[in-house]
Amino acid sequence: MANSKMAFLAFLAVSFLCGLANATYKVGVGRADITGPPVEINFMGYANIKQVGRGIHTRVFARAFVVEDEKGNRVAFVSADAGMMGYGLKREVIKRLQARYGNLYHNDNVAISGTHTHGAPGGFLMHLLYDISILGFVPQTFEVMAQGLYLCIKRATDNLVDGRILLSKTTVLNVNINRSPSSYLRNPAEERAQYEHDTDKTLTQLRFVDLENNLLGAFNWYAVHATSMNNTNRLVTSDNVGYAALLLEKEYNPNKMPGKGKFVGAFCSSNLGDVSPNIMGPKCSISGNECDLLTSRCPSGEGDCFASGPGKDMFESTQILGQRLADAALGLLNEQSQESTAREVTGDVRFIHQFVDMPNYNGSTYNPLSRKVDKVRGCQPAMGYSFAAGTTDGPGAFSFEQGTTTDNPMWNFVRDFIAAPTQEDIKCHEPKPILLATGRATFPYEWQPKIVSDQLLKIGDVIIAAVPCEFTTMAGRRLRNQIRAAASAVGGIDTEVIIAGLTNIYTSYTVTPEEYQAQRYEAASTIFGPHTHSIYMDVFERLTKAMMRNETVDAGPSPPYMNDVMLSLNTGVLFDGHPINTDFGYVKSQPNKEYGINETVKVTYISGNPRNNLFTEKTYFTIERKINEDRWKVAYTDASWETKMVWHRTNTILGFSEMDIYWDISPQTLPGEYRIRHSGEYKYILGGKYPYEGLTHSFTVKED
């Protein structure tokens, strides 16, 4: 009896201690809508002045996780369906967090990363070069993003529970290719031989569970541009990685609309600088022939060099690749023998951050290839000629070619009219010929950042390196290896290093010194010159060592405050009107009486301008299914993949406009009776905004 009692007490003690061991962290996840004005505002990404929004395919969201260790050390990470992140936006988010939580959140322990979708409204970066194709700053975009980024962190904070974190990885093929393979080949052969592919194929997942092993969220990092939707797209979209997130969340939030439900699933950017999702590769758009490998140009008459695939159009390509990424993440989450592939993350939480003045940086870094210490210095920001050539995901204008290392007197004249580089600038950037001396341009305000944000978040034995740009494949691999080696040398632990791209502030690209010599698009867009990557290697090694020693570092010079000097050529909505004998919400085109699977429903409403109300956390329309005589249930919204909302003006002078709503009926659609409801606001010519609503006749979706 005594032995049984002792054994039982021992069992309780072991169970208690195991519980303490597992309750290492408090974890929470959250999501919020950040969809900006879907019409009449240019999208951010392709810098195409013609890419003006006309509606919504999918809404865009910000997804956050918060982790706190037993000592109260806390970090927050956000992945936002946005082209990238601007520091003015992060500063505003921190301001709102501190108004609610005091100094619990601050610049050092919050990282905000963009997925790099090229299909969301721009005008939030507060640097002229990045906002110029958007026609300047867009306060409506900035506000909805600032509030959504704040809200997703707040919701993650509100959802904090005792929990665990597991890390797992898998290989995902047929999702990405290298769009600058000739640049990649500039890297040393012995270095390239260490890797099977010229892009990273590993999907890395952090899984968050409570102490009962209930799944809370999963954040996945994979290197691929969110450019399956090309520069002809006019509908707001989260692109391939955003669709993957919607699929993942749908799996664990059954019967919930997109963007709703407790489970949060994210696909985050990594070292995607030279990585394209258009896996069929570049072809001449007219002839179908191969493009020139070095310049990505086509012979006269054969069209532009454009990459695509794997689908028949950009929508299908987005869907195929999103499905492949979601399947990979689901495979990690659904494995029965999780112990064999997923390991538990253990250890404390730390963070470190430093602002670095890149043009004035002078330092040194060890070159493992030459086995010497190299001196490195930064340059004033500048864009090279090949920047204007664009990429095979989105070709540029005029006659610019990738790989250009010589200048042109005519373009130099244009450049110098805007801002002339000094001879020191020209020499510093060699072999890049400077097309835009952005570091010397000051009117009407700073064109590109000079001060960058470098940050590390340590969660146990996982280190997230928050980089302020797009690292190419090899640039990211070297940085990961450098951070891992520094953590091992000082902390004595083996770490998993994750590159989180486009984080906190945006400074275009970073290539390796070898890739810089090729001067393709990515190198021409490496704005601080040939030593940019070496500087980051130097800084992140120093930050890693300081973090592992629990040392503080100088905060560095803060980026300038420019909120009060923003300019914009975007106009607001003057007023809305409608034709005689109709009203706002009038259904101009009703649906047919009956539809089958794989058919498309189209309806048209007399509408107001969608910019009058963004319907944040709501929807411009619902597709409703009849449950019984008294009840209709929402089946789809404007966030659903199966729907599209397209707005167009019919009379600019009188302010007339119409809204087309499309619904592609998929094989998963339940048969039954449906109707479509549109909600909006119109702006009265004498002032004020007023709500309206329109409802179609009901129609039937028949069984397949």
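**Exercise 1. How many aromatic pairs does the structure hold?**

Solution. This predicted model holds 27 aromatic pairs.

**Exercise 2. Classify the pair of Tyr 87 and Phe 355.**

Solution. 
- Step 1: take the distance. The ring centres lie 5.3 Å apart, and a pair needs centres within 6.5 Å.
- Step 2: take the angle. The planes stand at 85°, and an angle over 60 degrees counts as edge-to-face.
- Step 3: conclude. Tyr 87 and Phe 355 are therefore an edge-to-face pair.
- Step 4: Tyr 87 belongs to helix α2 (residues 87-101), and Phe 355 to strand β17 (residues 349-357).

**Exercise 3. Describe the pair of Tyr 636 and Trp 663.**

Solution. 
- Step 1: the geometry. The distance is 5.2 Å centre to centre, with 45° between the planes. The pair is tilted.
- Step 2: the location. Tyr 636 sits in strand β33 (residues 631-637), Trp 663 in strand β35 (residues 656-664). The two are 27 residues apart.
- Step 3: the burial. Both Tyr 636 and Trp 663 are buried.

**Exercise 4. Which charged residues sit over the rings of Phe 315 and Trp 632?**

Solution. 
- Step 1: Lys 644 lies over the face of Phe 315, 4.7 Å from the ring centre.
- Step 2: Arg 675 places its charged end over the ring of Trp 632, at 4.1 Å from the centre.

Terms used: Residues numbered from 1 in each chain as written. Predicted model: local features only at pLDDT ≥ 70, side-chain atom pairs only at ≥ 80, totals over all residues. Heavy atoms only, no water. Phe/Tyr/Trp six-rings, centres within 6.5 Å; stacked < 30°, edge-to-face > 60°. Helix = DSSP H or I, 4+ residues; strand = E, 2+ residues; numbered from the N terminus. Buried < 20%, exposed > 50% of the residue type's maximum accessible area, 1.4 Å probe, protein only. Lys NZ or Arg CZ within 6 Å of the ring centre and 35° of its normal.
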